[in-house]
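Take a slow look at the model below.

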Amino acid sequence: MSRAVIALGANLGDRGSTLRAAASAIAALPGVRPVAASREVESVAVTLAGRDESKPRYRNAVVVVDTDLEPQALLDALHGIEDEHGRTREVRWGDRTLDLDVVAIDDLVLDTDTLTVPHPRAAERAFVLAPWADADPEAVLPGAGPVAELLAALGDDTERVDEPRLFDEVTGPADATRANDAIGPDDATRAVDPTRASRPETRP
């Protein structure tokens, strides 16, 4: 069983409801067990031209899961959830109803035509690092270092959303309890297209 970190984002429609539904769908995938989840944050849209204040703001979050799925199978399942939420891809790094990215899987280093892990831009994105650190304060981005330190060096330009964590309750295995306890007991936290994946077309 592998531990996977998945980033969620949306800037169209009812963003909060979409992220919650997506988190529930991820947790319900065969071979997936929820471990921890962040609260939501808001962030400025990032386009190919850079930050764009004129675009709808994003809601972002991170969930951590244990999974028996192989990396590509996990990505394929996430693609399906995106499609269920009306994800379209006419514009690279454009507005979207839902974006799901595999950020890391254990210490795996993988670079294929459809999937790159660790995510090549995770260390540059506060909207990934901030919720990841919220979900797992001890998290480490393979090849880059502790997530909290990366966030401190980068600067956190996200805004916390006053909502419970995406997984209200964690029902994962024993080692998942450790990750959940670290959060604190009082915290409430694509059909497959082989031409795309967790790589430059995606926002995080």
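Arg165 is buried, with a relative accessible area of 4%; buried means under 20% relative accessible area, exposed over 50%, and partly exposed in between (1.4 Å probe, protein chains only). Keep in mind that this is a predicted model, in which local features need pLDDT of at least 70 and side-chain atom pairs count only at pLDDT 80 or more, while totals for chains, interfaces and linings use all residues. Residues are numbered from 1 along each chain as its sequence is written, and side-chain values use heavy atoms, with hydrogens and water left out.

What does Arg165 pair with? The side chains of Asp134 and Arg165 meet in a salt bridge (3.2 Å, N to O), that is, a side-chain nitrogen of Lys or Arg within 4 Å of a carboxyl oxygen of Asp or Glu. Asp134 lies in helix α3 and Arg165 in the loop between β12 and α5 (174-183), so the pair ties together parts that are 31 residues apart in sequence. Helices (H or I, at least four residues) and strands (E, at least two) are DSSP runs, numbered from the N terminus. Asp134 is buried too, at 12% relative accessibility.

By this rule there are twelve salt bridges. Arg57 takes part in one with Glu42 (3.1 Å, N to O) and in another with Glu159 (3.7 Å, N to O). Glu42 is buried, at 15%, whereas Arg57 is partly exposed, at 27%.

Now turn to the nonpolar residues. A nonpolar core is a set of buried Ala, Val, Leu, Ile, Met, Phe, Trp, Tyr and Cys residues joined through side-chain atoms within 4.5 Å. The largest one has 26 residues, and Leu8, Ile26 and Val63 have the most contacts inside it. Apart from it lies another core, of 23 residues, among them Phe127, Ala139, Leu141 and Val147.

Val147 brings us to helix α4 (residues 147-154), where Val147, Leu150 and Leu151 are buried. An α-helix has 3.6 residues a turn, so residues three or four places apart point the same way. On the other side of α4, Glu149, Ala152 and Ala153 are exposed. After α4 comes Gly155, whose phi is positive, near 100°.
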